[in-house]
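This report goes through one structure by topic.

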Amino acid sequence: MNTVCTPLAAVPPIAPAERVLTDGFDASAATVAAAVDSHGLACLRDVVPHDWLTAARDFVTHSVELNGAQELLVEDFAARPGTFAHQLVSDERVEPFMRQVATACRAGVGFGDGAIESELRLVNGPPRSAKPLWFHYDSTAITLVIPILIPTSTPGRSGELVLYPNRRPFRRRVVTNILEKCLSQNDFYRRWFVRYPGRRSDVRTEALEPGNAYVFSGYRSYHATLPSPPGSLRATLILHFGDVHDNSRLLNSIRGVERTIRRSIRTRRSSPTVAVQSSKCAWLAD
Ligand SMILES: O=C(O)CCC(=O)C(=O)O
Ligand SMILES: [Fe+2]
């Protein structure tokens, strides 16, 4: 996977709206949390309106410079006022919904400054090297994926989300979490894991559909996305929420180091806007 720093084109302004998602999407936070706990994934069907998807697709196809990169990750994308993503996280029901689901999944989860972490992720065709799938655990209690553009090709080649649901518990100790990430988020382990699935019959492969939103515990589930077909663009908006290791000094220090590394990459490439592949640059803290 490429690590890319790319300036984004000017962001077309979108009027702020109080509500983006469909009425009642947040009515069932407890049911969503129960589904995440027992099945690993909850699908919120038809909650993303057509107009929002059109604006999002328009942006990813016309305003993002991929410069030949196979993958682009724009961190904190929703923090940019005027973007379709900012509009969505500003929906007054989104943060309380994520808070309720995260709390139901993990009692005592922290909320830091209450901000939702966001990423815009673009995948441009299949991987161009023999890298294994980007299996990882997220740092936050829950993850919400909003598909914007999803390619359709043969099963297994359509950018599906693949996850081993709730493969690990929420770790009490941050050191355990870090060691686990060291052991499982490297290419050697990823290759071994895929080659020898053993008794792991619990894999879940989800063909994402734009219009829906998907919730799972990215912290607990070992997950990746399957390859996209040649010539396709896959785009997802990903929201992360809930600090599992609230106020951990160790994790904050690692995040500081990772931020410095990212900044040095940005400076080296002298790009005003950073888009980095977090599997490489925010490996442990992410
Ligand atoms: O693009 C996706 O569907 C998921 C990406 C993901 O797992 C992440 O960014 O943490
Ligand atoms: Fe993830």
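## Sheet and strand pairing

Ala42 has Val215 in E7 as its bridge partner. Strands E1 and E7 are antiparallel and are joined by four bridges. Strands here are DSSP runs (E) of at least two residues and helices are DSSP runs (H or I) of at least four, both numbered from the N terminus; two strands count as paired if DSSP finds at least two bridges between them. In general, the strands of a sheet pair through backbone hydrogen bonds, parallel or antiparallel.

The open sheet has six strands in the order E1-E7-E4-E9-E3-E2, with antiparallel pairing. Strand E1 (41-44) and strand E2 (71-75) are at the edges with a single partner strand each, so one side of each has no neighbour in the sheet. On average, neighbouring strands of this sheet are turned by 20 degrees against each other, direction ignored. Helix H1 (residues 29-39) lies across E1 and E7 and runs at about 140 degrees to E1. Axes are lines fitted to C-alpha atoms, for helices over the stretch in contact, and angles run from 0 to 180 degrees between N-to-C directions.

## Model and overall figures

The model is predicted: local features need pLDDT of at least 70 and side-chain atom pairs count only at pLDDT 80 or more, while totals for chains, interfaces and linings use all residues. Residues are numbered from 1 along each chain as its sequence is written, chains are lettered from A and ligands numbered from 1 in the order in which they are written, and side-chain values use heavy atoms, with hydrogens and water left out.

The protein has eight helices and nine strands. Of its 286 residues, 54% are buried, where buried means under 20% relative accessible area, exposed over 50% and partly exposed in between (1.4 Å probe, protein chains only). Among contacts with a separation of 6 or more, 89% are between residues 24 or more positions apart; a contact means heavy atoms within 4.5 Å.

His136, in the loop between strand E3 (117-124) and strand E4 (140-149), and His223, in strand E8, are 87 residues apart and link distant parts of the chain.

His136 is buried at 6% relative accessible area, and His223 is buried at 4%.

Ser217 sits in the loop between strand E7 (213-216) and strand E8 (222-225) and is buried, with a relative accessible area of 1%. The Ser217 side chain reaches the backbone oxygen of Ala141 at 2.9 Å. Leaving out residues up to four places away in sequence, Ser217 touches Val36, Gly40, Ala141, Ile142, Asn166 and Phe170.

Gly159 is in the loop between E4 and strand E5 (161-164) and is buried at 0% relative accessible area. With the sequence neighbours up to four places away not counted, Gly159 touches Thr225, Leu226, Pro227, Ser228 and Arg234. Gly159 and Pro229 are 70 residues apart in sequence, with 7.9 Å between their C-alpha atoms.

## Cysteines

There are zero disulfides, a disulfide being a pair of cysteine sulfur atoms within 2.5 Å. Cys43 is partly exposed at 27% relative accessibility, whereas Cys105 is buried at 15%.

Notes: A polar contact is a pair of N or O atoms within 3.5 Å; within protein, one must be able to donate a hydrogen and the other to accept it, and residues adjacent in sequence count only if both atoms are side-chain atoms.
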